[in-house]
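Let's take a look around this fold together.

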Amino acid sequence: MNTSLVKSVPPGDFAEISVLKRGWENEFSALLSQNRPIKFDMYPQPAIPAEFQTRLRQQGYSALVPENDRWQHFLVPNPLPTGAK
């Protein structure tokens with residue numbers, strides 16, 4: 001998964017997930033299955049869990065991380081190629 005630091009929060013309609021919320025793993029997994037953009041609040045985890053990193057990479061997501069808040073990861077699915085379903 002490509003990760004880029006950005007100056008500000010990217011525009012868009014992001015579903016919000018926090019690791020502090022009980023059951024976040026199921027909600028995160030469901031959003032990945034729907035190929036939705038995700039605002040992921042990782043605090044206090046040091047990194048995105050490996051199993052989710054694998055899925056994000058396989059599904060072609062990119063991570064945009066604001067320079068002033070590295071706990072927030074805006075996970076953006078890459079657009080499907082023309083003609084793909």
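Skip the neighbours within four places in sequence, and S62 is in contact with M1, N2, F74, L75, V76 and N78 (contact means heavy atoms within 4.5 Å). With N78 there's a polar contact of 3.5 Å between the two side chains. That term covers a pair of N or O atoms within 3.5 Å; within protein, one must be able to donate a hydrogen and the other to accept it, and residues adjacent in sequence count only if both atoms are side-chain atoms.

Is S62 buried or exposed? It's buried, at a relative accessible area of 17% (buried is under 20%, exposed over 50%, partly exposed in between, using a 1.4 Å probe and protein chains only).

## A word on the model

This is a predicted model, where local features need pLDDT of at least 70 and side-chain atom pairs count only at pLDDT 80 or more, while totals for chains, interfaces and linings use all residues. Residues are numbered from 1 along each chain as its sequence is written, and side-chain values use heavy atoms, leaving out hydrogens and water.

## The sheet around it

S62 sits in strand β4 (strands are DSSP runs of E, at least two residues, and helices are runs of H or I, at least four, numbered from the N terminus). Strand β4 (residues 61-66) runs antiparallel to β5 (residues 72-77), with four bridges joining them; S62's bridge partner in β5 is V76.

Zooming out, the open sheet has five strands in the order β1-β4-β5-β3-β2, with mixed pairing (two strands pair if DSSP finds at least two bridges between them). β1 (2-6) and β2 (15-18) are at the edges with a single partner strand each, so one side of each has no neighbour in the sheet.
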